[in-house]
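Colleague: I've got the file open and would like to talk it through with you. Shall we start in a loop and work our way inward?

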Amino acid sequence: MQQSRRRNKMAFPWAGLLALAAAGALAVWLLSPSAPPLELLQTWYLSRAAGLVALALLWLSVILGLMQSAGLLSGLTGPAANVDVHAFAALLSLYAATFHAWILLWDRFVTFRWPEVVLPFTANYEPVLLGIGTLAFYGALGAVITTYLRGWMGPRVWRALHQASLIAFAFGLVHGYFLGPDTAVPAVRLFYYFAGWSTALLLAYRMAGGILRRARDAG
Ligand code: HEM
């Protein structure tokens, strides 16, 4: 037990170093004169892939948060580890969503300027669905920031602000489902349904548990 814990601790820096080295090598290659021009880098596909990764990580973070607060993970893993994975998944989702929107600035299929990316509902292309995506991004950003500022907020304010992550996930789901061409792919459609329904059911379970607890305490 002791040994495996030590081995786990050592695995993280290596993975991080490897990722940094890969990102550095990619950056050097992109800046070298032999790299293909950015429009040939298939920015549209990169953006869409990153969008799906962002949504999957956001879903993971949301369900872990709901399972933790509903007590479904107690006895399985330690609460501190659950909270760490929950927060880290949200942070990674934010990185992926940033890449997803940022790389569009180089895209030739749909030409975006940065105000259209950061200001909701201002794009020329699908303004409503894109605006919902931008709001999803701000919701996820708010959830991550409140996680790190938890110590400075009262529990009520924190809980209210942190619940924005659920809205962010719902907006991300609507944005991806109705905008993304990959919704036509059965596996991607299955992921949307599974992610949506699992979150809705967990949320209902969590709310029912809260109502029952309050009724028990009052009676
Ligand atoms: C948390 C925030 C976001 C999430 C989780 C998210 C997720 C997704 C997903 C899952 C797709 C579908 C990908 C596919 O079908 O291949 C998608 C598509 C797309 N998203 Fe986002 N997105 C977010 C924010 C944004 C923002 C801020 C923008 C830019 C304003 C944006 C622009 C787009 C575009 C242009 C597409 C492709 C539409 C098409 O192919 O017709 N997204 N997004």
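## Loop, helices, core and ligand

Modeller: Phe121 lies in the loop between H4 and H5. Keep in mind that this is a predicted model.

Colleague: Is Glu126 buried, exposed or partly exposed?

Modeller: Glu126 is found in that loop between H4 and H5 too, and its phi is positive, near 40 degrees. Burial takes 20 or more other C-beta atoms within 10 Å, and exposed means 12 or fewer. Glu126 has 14 of them, so it comes out as partly exposed.

Colleague: On to the overall fold. What pattern does the protein chain follow along the sequence?

Modeller: The protein chain has eight helices and zero strands. Read along the sequence, the pattern is α-α-α-α-α-α-α-α.

Colleague: How far apart are the end C-alpha atoms of H5?

Modeller: H5 has 22 residues, and at 1.5 Å a residue they should span 32 Å. The model agrees with that expectation, because the end C-alpha atoms of H5 are 32 Å apart.

Colleague: And what covers the buried residues of H5?

Modeller: The buried residues of H5 include Leu130, Ile132, Phe137, Ala140 and Val144. Their cover includes H2, H3, helix H4 (114-118), helix H6 (155-162) and H7.

Colleague: Does H8 lie largely in the open or largely buried, and why?

Modeller: H8 runs over residues 186-218. Its 33 residues should span 48 Å at 1.5 Å each, and the end C-alpha atoms are 48 Å apart, which agrees. Of those 33 residues the number buried is one, so H8 lies largely in the open.

Colleague: Which residues is Thr199 in contact with, leaving aside neighbours within four places in sequence?

Modeller: Thr199 is in H8, and with 19 C-beta neighbours inside 10 Å it counts as partly exposed. Its C-alpha atom is separated by 9.3 Å from that of Phe169, 30 residues apart along the chain. Leaving aside neighbours within four places, its contacts are Trp59, Val62, Ile63 and Phe169.

Colleague: What separates the C-alpha atoms of Phe191 and Ala56?

Modeller: Phe191 lies in H8 and counts as partly exposed, with 19 C-beta neighbours inside 10 Å. Phe191 and Ala56 are 135 residues apart along the chain. Their C-alpha atoms are separated by 8.5 Å.

Colleague: Which element gives the most residues to the largest nonpolar core?

Modeller: That core has 28 residues, and Ala54, Leu58, Trp59, Ala90, Ala97, Ala140 and Ala168 touch the most other members. The elements giving two or more residues to this core are H2, H3, H5 and H7. With 10 residues, the top contributor is H2.

Colleague: Last one: how do the residues of the shell around the ligand divide?

Modeller: Of the 25 residues around the ligand, Gly51, Gly133, Gly176, Gly180 and Asp182 come nearest. Two or more shell residues come from each of helix H2 (43-69), helix H3 (79-102), helix H5 (127-148) and helix H7 (164-179). The shell divides into 14 nonpolar, nine polar and two charged.

Technical notes. Residues are numbered from 1 along each chain as its sequence is written. This is a predicted model: local features need pLDDT of at least 70, side-chain atom pairs count only at pLDDT 80 or more; totals for chains, interfaces and linings use all residues. A residue is near a molecule or strand if its C-beta atom, placed from the backbone, lies within 6 Å of it. Helices (H or I, at least four residues) and strands (E, at least two) are DSSP runs, numbered from the N terminus. Ala, Val, Leu, Ile, Met, Phe, Trp, Tyr, Cys and Pro count as nonpolar, Asp, Glu, Lys and Arg as charged, and the others, Gly among them, as polar. The expected span of a helix is 1.5 Å times one less than its number of residues. Two residues are in contact if their C-beta atoms, placed from the backbone, lie within 7 Å. A nonpolar core is a set of buried Ala, Val, Leu, Ile, Met, Phe, Trp, Tyr and Cys residues joined through C-beta atoms within 7 Å.
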